[in-house]
Structures are given as structure tokens and as C-alpha cells.
Amino acid sequence: MSKSSAQRSTSAGIARFLKSVTIFADLEAGERTHIGALLSQVDLRRGEWLFKQGDPGETLYIVQSGTCAITVNLADGQELDI
């Protein structure tokens with residue numbers, strides 16, 4: 001499979017996934033495909049960080065499978081799971 005074919009296949013798969021995400025479900029298929037081409041998949045192992053407190057927060061993450069936890073650092077140095 002050529003690189004462009006692989007990219008189309010990946011963005012088409014992401015577009016199918018986006019149909020199951022409420023905020024994207026009402027978009028036309030072509031719109032979801034266009035958005036899918038702009039996204040990339042991130043695979044993490046249990047315990048890996050997706051982002052850390054203080055990161056710019058410029059990215060939208062959509063959890064396709066699994067779970068995530070949010071922990072913030074408090075002023076006294078303790079961590080709080082929220």
C-alpha cells in the first residue's frame with residue numbers, strides 16, 4: 001500500500017470513529033473525513049502521560065478506548081486526582 005493510500009485508510013478509519021463521537025456525529029461524512037485527515041492517533045501504555053500540568057493545552061484529545069485519569073499538583077506539593 002502506498003503512503004497516500006495508507007494515510008487515506010487511516011483518516012477514513014478516524015472518520016468512522018468520529019461518527020461515534022457526539023460532537024462530530026452530525027457532520028457530513030466528507031466533513032468527518034476532512035477532520036480525520038487532520039488528526040493523529042496516540043497509543044499509550046498504562047501509566048503513561050498524555051500531557052502534564054503546565055502544558056499549553058492547545059490539543060483536543062478524544063479517548064477512543066480505555067480510561068484516563070487527571071491529577072493536579074497542589075500548592076503544598078501533594079497530588080489530587082480529579
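User: Which side chain of opposite charge is nearest to R32, and how far away is it?

Analyst: This is a predicted model, where local features need pLDDT of at least 70, side-chain atom pairs count only at pLDDT 80 or more, and totals for chains, interfaces and linings use all residues. Residues are numbered from 1 along each chain as its sequence is written, and side-chain values use heavy atoms, with hydrogens and water left out. With Arg counted as positive and Glu as negative, the nearest side chain of opposite charge is E31, at 6.6 Å.

User: Which residue has its backbone oxygen 2.3 Å from a polar atom of the R32 side chain?

Analyst: R32 touches A15, L18, K19, F24, A25 and L27, not counting residues up to four places away in sequence; contact means heavy atoms within 4.5 Å. The backbone oxygen at 2.3 Å from a polar atom of the R32 side chain belongs to L27.

User: Is I62 buried, partly exposed or exposed?

Analyst: I62 is in contact with F17, L18, V21 and F24, leaving aside neighbours within four places in sequence. Partly exposed covers the range between buried and exposed, the latter being over 50%. The relative accessibility of I62 is 31%, so I62 counts as partly exposed.

User: How far apart in space are I62 and Q41?

Analyst: In sequence, I62 and Q41 are 21 residues apart. C-alpha to C-alpha, their separation in space is 9.5 Å.

Technical notes:
Buried < 20%, exposed > 50% of the residue type's maximum accessible area, 1.4 Å probe, protein only. Salt bridge = Lys/Arg side-chain N within 4 Å of Asp/Glu carboxyl O. Polar contact = N/O pair within 3.5 Å; in protein donor to acceptor, adjacent residues only side chain to side chain.
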